[in-house]
Amino acid sequence: MKLSSKIFLAVYIPTIVIVITIVSILIHSNFIGELQLESDKNVQEFKTVLENIDANISEDATHYSLITYYQNHYAAKGIYFEYYEDGEFVFDSGSETFDNRDLLNVEDDMYNVIVEEHSSNHYMFISYKIGEDVLVYKTDVEILFINHQQEINIAVMLIIILSLVLIVIALAIAKFVTIPLNAMTKEMDKISNKDYNIKLKEGNDEIGVVAKKFNEMSKKIEENEKELLKYIESKQMFIDNLAHEMNTPLTSIKGYAEALEKFDLSEEKKVKYLTYIQSESDRILDMYKKLLFLSYKSNVDFEVEDVSINKVMNIIKDDLKERLDDHKSKLIIDNKCNEFKGDEIMFIMAISNLIKNALNNSDKGTNVYVNTYEKKDKLYIEVVDEGIGISKENISKILEPFYRVDKNRSRKNGGAGLGLSLVLRIMELHKGELKIESEEGKGSKFILIFNKD
Ligand code: ADP
């Protein structure tokens, strides 16, 4: 059943039932009241009759004879009598005799009132005991029933009119309530067609609040969808880049391997080709390791331990010794805050990636600086170089996987644009931050910021 029909029935049925019940009770109690009044009035009249008779009673004038004597006088007023002697009917002043036995069950000094229908007419009978005899007073009360019927007819008419008015009101209420809901349904259809431009009329009532929530929800869905699209796009870009990055070294390896197999090469060339194959394989291996680390979706479980930067730097120095010598560079360390908390291997990975980047992007003979210090509730590790620097535009991009400012330069150094993504990931795992400050032609500063706790 439609909501509008439900609302209509919910308004119409209870209202009409309540109206009919109230009107019925009112008409009925009014009728009972009228009957009571009529009964009181006639009992009073009957008492007057009896007083008159009592006043004239004598040896010769019995109740019975006096009633027969006055019958015409009372008949003119619409009052008739029946007389019963020892339970037997003996006299009736009306045209019709009803011989109602119930009337005879009357106690001394009491008035027994009965209303009955005879020949489509309603009569009121009042019986009173006179010695062993019973005198019955009767009068036509049909007018009360006619009035009552008229009241019922008027009430039915009024209820029919009210019912029609109520139908109109209930329909209007149902429409009024369902209009915003129908509008909402229409707007919802828009969402399934990816149209999020939804502006439902907001308000303070329940429907207004739902509309507000709905507007907010559609905005959220739009944002989420945009985010999802961005995510899908970046994933696709990641896969495209990965395919591209894998293709170059694999093609080289295949080419050199084929050449080694097919051609009769000099020893010198063989060694050269094998060195190429080795370095390309190292590139793939390095990429594989970085990708593996980056691909962990949730937090990598690691034990937080005290990390000594002195120890970390000694390991890195040993690792990069050859590279530093080739580059004729010095690694100058200013360690003012030796104790860090985290994972030692990740510290080595992050700092050595930053130092390798510093060397790759600066001229031979320039130095690289590593400074650690403490400020307020933070601990800092800076890797500073005197290299080519990074433009403002590129600073925001170099953290994306596979992004390189100068592809040739990066490739020559075995990079695939994953180093900084890896550093960023390590900082995320340590709930820290990575900041980059750089000036083109002057150098760059990569700052790792950790919370003390
Ligand atoms: P890559 O393997 O190419 O070094 P990274 O993610 O480590 O990948 O770095 C991304 C790019 O950021 C590099 O290709 C380089 O262009 C730029 N970059 C990184 N570090 C520096 C730096 N110290 N100075 C100038 N450019 C840098």
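Visitor: Is Asp92 buried or exposed?

Guide: This is a predicted model, so keep that in mind as we go. Buried means under 20% relative accessible area. Asp92 has 14%, so it counts as buried.

Visitor: Which side chain does Asp92 meet in a salt bridge?

Guide: Look for a side-chain nitrogen of Lys or Arg within 4 Å of a carboxyl oxygen of Asp or Glu. Here the partner is Lys138, at 3.1 Å from N to O. Lys138 sits in strand S5 and Asp92 in strand S2 (residues 88-92), so the two are in distant parts of the chain, 46 residues apart.

Visitor: Which residues are linked with Lys138 in a network of salt bridges?

Guide: Glu82 and Asp92. The Lys138 and Glu82 side chains meet at 3.0 Å, N to O. That pair also links distant parts of the chain, with Glu82 in strand S1 (residues 79-85) and Lys138 in strand S5 (residues 133-140), 56 residues apart. Glu82 is buried too, like Lys138.

Visitor: How many salt bridges does the structure hold?

Guide: There are 20. Another one joins the side chains of Lys194 and Glu225, at 3.2 Å from N to O. Lys194 is in the loop between helix H3 (142-192) and helix H4 (206-262), while Glu225 is in helix H4, so this bridge ties together parts 31 residues apart in sequence.

Visitor: Where do Lys194 and Glu225 fall on the accessibility scale?

Guide: Lys194 has 57% relative accessibility, so it counts as exposed. Glu225, at 22%, counts as partly exposed.

Definitions and conventions
Residues are numbered from 1 along each chain as its sequence is written. This is a predicted model: local features need pLDDT of at least 70, side-chain atom pairs count only at pLDDT 80 or more; totals for chains, interfaces and linings use all residues. Side-chain values use heavy atoms; hydrogens and water are left out. Helices (H or I, at least four residues) and strands (E, at least two) are DSSP runs, numbered from the N terminus. Buried means under 20% relative accessible area, exposed over 50%, partly exposed in between (1.4 Å probe, protein chains only).
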